[in-house]
Amino acid sequence: MGWLWAIIVGFVLGLIAKAIIPGKQHSPLWLTTIFGMLGAIVGNAVARAAGVEATSGIDWTRHLFQLVAAILIVAVGDMAYMAMWGNRKQRQRA
């Protein structure tokens, strides 16, 4: 069940990050989900380091760290994706 939740959270975080980042992102949905999962992991690590790993009620601070990490990872990951595969896809269309 843990992996299923990780995929769901990664999917949601990745989509929210894509919606917040200005402009069009070209990475596929499966890669955005992986970026979101990585954002959740990094955000949890930062929250743990900041001392807000677990609080009573909803962990809004931890979720904010996860979202910020997901935004950064999706932005950098999309740039890397376009650097690796963007020119190849544009040549195939022409």
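The pLDDT is the predictor's confidence in each residue, on a scale from 0 to 100. In the predicted model described here, the protein averages a pLDDT of 87, and 90% of the residues score at least 70. Among the elements of the protein, helix α2 (residues 29-50) has the highest mean pLDDT, 93, and helix α3 (residues 60-93) the lowest, 85. Where pLDDT is low, the predicted coordinates should not be read in detail.

The protein contains three helices and zero strands, and its elements follow the order α-α-α from the N terminus on. Taken along the principal axes, the box filled by the C-alpha atoms is roughly 55 × 25 × 20 Å. Of the 94 residues in the protein, 30% are buried.

Helix α1 (residues 2-20) comprises 19 residues. The distance from its first C-alpha to its last is 27 Å, close to the 27 Å expected at 1.5 Å a residue. Gly10, Leu13, Gly14, Ala17 and Lys18 are the buried residues of α1. These residues lie on the same side of α1, because they cover an arc of only 135 degrees around the axis. An α-helix has 3.6 residues a turn, so residues three or four places apart point the same way. Trp5 and Ala19 are exposed on the other side of α1.

A nonpolar patch on the surface is formed by Leu4, Trp5, Ile8, Val9, Phe11, Val12, Leu15, Ile16, Ile20 and Leu29. Together these residues have about 840 Å² of accessible area. Helix α1 supplies the largest share of the patch, nine residues. One of the patch residues is Leu15, which is located in α1.

The loop between α1 and α2 holds Gln25 and His26. Gln25 counts as buried because its relative accessibility is 12%, under the 20% limit. His26, in contrast, is partly exposed, with a relative accessible area of 38%. Both residues were also examined for their separation from positions farther along the chain. For His26 and Asp78, 52 residues apart along the chain, the C-alpha separation is 6.5 Å.

Helix α2 has 22 residues. From its first C-alpha to its last, α2 reaches 31 Å, close to the 32 Å expected at 1.5 Å a residue. The buried residues of α2 are Leu31, Thr32, Thr33, Phe35, Gly36, Met37, Gly39, Ala40, Gly43 and Ala47. Just after α2, Gly51 adopts a positive phi of about 85 degrees.

One salt bridge is present in the structure. The pair consists of Asp59 and Arg62, whose closest N and O atoms are 3.2 Å apart. Side chains of opposite charge can pair when their charged atoms come close. Asp59 is buried, because its relative accessible area of 10% falls under the 20% limit.

Note on methods
Residues are numbered from 1 along each chain as its sequence is written. This is a predicted model: local features need pLDDT of at least 70, side-chain atom pairs count only at pLDDT 80 or more; totals for chains, interfaces and linings use all residues. Side-chain values use heavy atoms; hydrogens and water are left out. Patches are made of residues with over 30% relative accessible area and no salt bridge: like charges are joined within 9 Å, nonpolar side chains (Val, Leu, Ile, Met, Phe, Trp, Tyr) within 5 Å. Accessible areas come from the Shrake-Rupley method with a 1.4 Å probe; for residues, only the protein chains shown count as cover. A salt bridge is a side-chain nitrogen of Lys or Arg within 4 Å of a carboxyl oxygen of Asp or Glu. Helices (H or I, at least four residues) and strands (E, at least two) are DSSP runs, numbered from the N terminus. The expected span of a helix is 1.5 Å times one less than its number of residues. Buried means under 20% relative accessible area, exposed over 50%, partly exposed in between (1.4 Å probe, protein chains only). The arc is that of the directions from the helix axis to the C-beta atoms.
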